[in-house]
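Please have a look at it on the screen before I start.

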Amino acid sequence: MSATQPNSRALGALGVGAAAAGRATRLRLRGPGLQRLISPVVLLILWQLIHVFNLVSVKKLPPPTTVLSTAWNLITTNEPAYGTLQGALGASLERMVIGFALGAGVALILALVSGLSRWGENTFDPILQMIRTVPLFGLVPVFIVWFGIGELPKILLIALAALIPLYLNAFAGIRGVDHRLWELADVLGLSRSERLRHVILPGALPQTLVGLRLSLGTAWLALVVAEQVNTNAGLGYMINQATQFLSNNVIFVALAVYTILGLATDWLVRLLERRALAWRRGLLT
Amino acid sequence: MSATTQAPVVRAEHLGRSFGDRAVLQDLNLEIADGEIVALIGRSGSGKSTLLRALAGLDKGVSGSATVEGQFGIAFQDARLIPWRSVLDNVRLGLRAADSTKAARAALAEVGLEAHTDAWPSTLSGGEAQRVSLARALAREPRLLLLDEPFGALDALTRITMHELVLRLWQRHHPAILLVTHDVDEALALADRVLVLGSGRIAHESAIALERPRHRDHPELVELRSRLLSELGVSL
């Protein structure tokens, strides 16, 4: 009884979510959602065919089936060289979540302060415009000198990668809210918080979501780069170890997991966009 | 004319407004009585909208004094609904009534849109959007309704139904109305008083005592129409 309870609760929560999304949303998700899977699947088939027709040596490019079986081995056996795949994934996700939350949080706060006040813009915007032009990965050695080789430089690199695109877009989004709506807010006598909640924030949302997607992309890149420098856990560590043991299969497993993570976050942002921007007619139909 | 004995809803004195070295309003004086419908016509760029925005307090560069008694509501030419809020929320936002939802629903019912309360503004037609905008202005129970060419972008048929709607709402709530328009016929159909704006001040003023709804071919209106058109510099 007690063992089944959490399980059934999880299912219940899932059901509620689907019901709230409504039948139309579910149908819509199914159509284009499936369509978006076609090209990756075709790519996988082509990849497998390369192996079937023996076009490239297995040592250089293992086929998807080998990658899959290697992944299965990494999940089921805890090898001293690599650890488990789920362990590596957990370590990577943890870094990503902490780093991204930090970067995105700071980005949104700075965008609000700069977007809503002239002094905020004059104070913070120049700094961020300066940081923007510094090549992110050129900072890796500097971060190691400053913050050592622990988790801190990795998380900061991810945070910085997430910060810049999200800040730029959220700021532009706030400033881009139609001035006629600001005037309307004056006429309606909206309070400062009503103005923020009903006019400015929703008005800035479309551009902010563009920024969110961009920042997720650069944050994943930062994760890959950060993890290949002096780590002892995570997908990047797995790749480093595999390079030393010349185990191409394991490298491909880690790369495949990266791509799946990228696809999954993109899907999440899409879902968010569809919900949050339902007022646009184009998305309703 | 019992209305003129009461204190005016709008009293503007010596209004002035320049953009660069071009004076759009110059020493303009205007009074609008309680419940009076005043139409303001003028050529494009004559300062009609500038005057309306001055009364609404939307223009900080105006000199002179303008006082408006009590609440005012405003409807813009572009309806100006918040696209990411439902029709009901658009009307309800900023309402300080005890039950703002009820007041907003009542206002929407008055303009015949109670079935669209949950719709997104983007799904409305131009006429429907303007009706929401009117409902939003009316829900505030204004003493003064400022209408800035609200029917300018609508087709002729929709415009006529909107005129009827405005008259019906006026008969029920009796706010003073300042209607800015470029359409002489619209002014003749609705107004107690038609003002022609020229060279930054009120260049001409005609009162119309006819009952509404008015037939557009009424001899008095026909005569006034050609008078107003010549005031506007259009000769027939």
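This is a predicted model: local features need pLDDT of at least 70, side-chain atom pairs count only at pLDDT 80 or more; totals for chains, interfaces and linings use all residues.

Let me begin with B:Leu178, which, once its neighbours within four places in sequence are left aside, is in contact with B:Ile32, B:Val38, B:Leu40, B:Leu52, B:Leu55, B:Leu144, B:Leu146 and B:Leu147, where contact means that the C-beta atoms of two residues, placed from the backbone, lie within 7 Å. Residues are numbered from 1 along each chain as its sequence is written, and chains are lettered from A and ligands numbered from 1 in the order in which they are written.

B:Leu178 and A:Ile158 touch the most other members of the largest nonpolar core, which has 108 residues. A nonpolar core here is a set of buried Ala, Val, Leu, Ile, Met, Phe, Trp, Tyr and Cys residues joined through C-beta atoms within 7 Å; a residue is buried if 20 or more other C-beta atoms lie within 10 Å of its own, exposed if 12 or fewer, and partly exposed in between. Helix α6 of chain A, residues 151-175, gives this core its largest share, 16 residues, and helices (H or I, at least four residues) and strands (E, at least two) are DSSP runs numbered from the N terminus.

Two of the contacts I listed, B:Val38 and B:Leu40, bring us to strand β3 of chain B, residues 37-42, in which six of six residues are buried. B:Ile37, B:Ala39 and B:Ile41 point one way from this strand, and B:Val38, B:Leu40 and B:Gly42 the other way. In a regular strand, the side chains alternate between the two faces of the sheet.

Which strands pair with β3(B) in the parallel sense? One is β7 of chain B, residues 176-180, over four bridges, with B:Leu40 opposite B:Val180; another is β8 of chain B, residues 193-198, joined by five bridges, with B:Val38 opposite B:Arg193. Pairing requires that DSSP finds at least two bridges between two strands.

Finally, the backbone: B:Asp27, in strand β2 of chain B, has a positive phi of about 50° although it is not a glycine, and B:Asp27 is partly exposed, with 13 other C-beta atoms within 10 Å. The peptide bond from B:Arg212 to B:Pro213 is cis, with omega near 0°.
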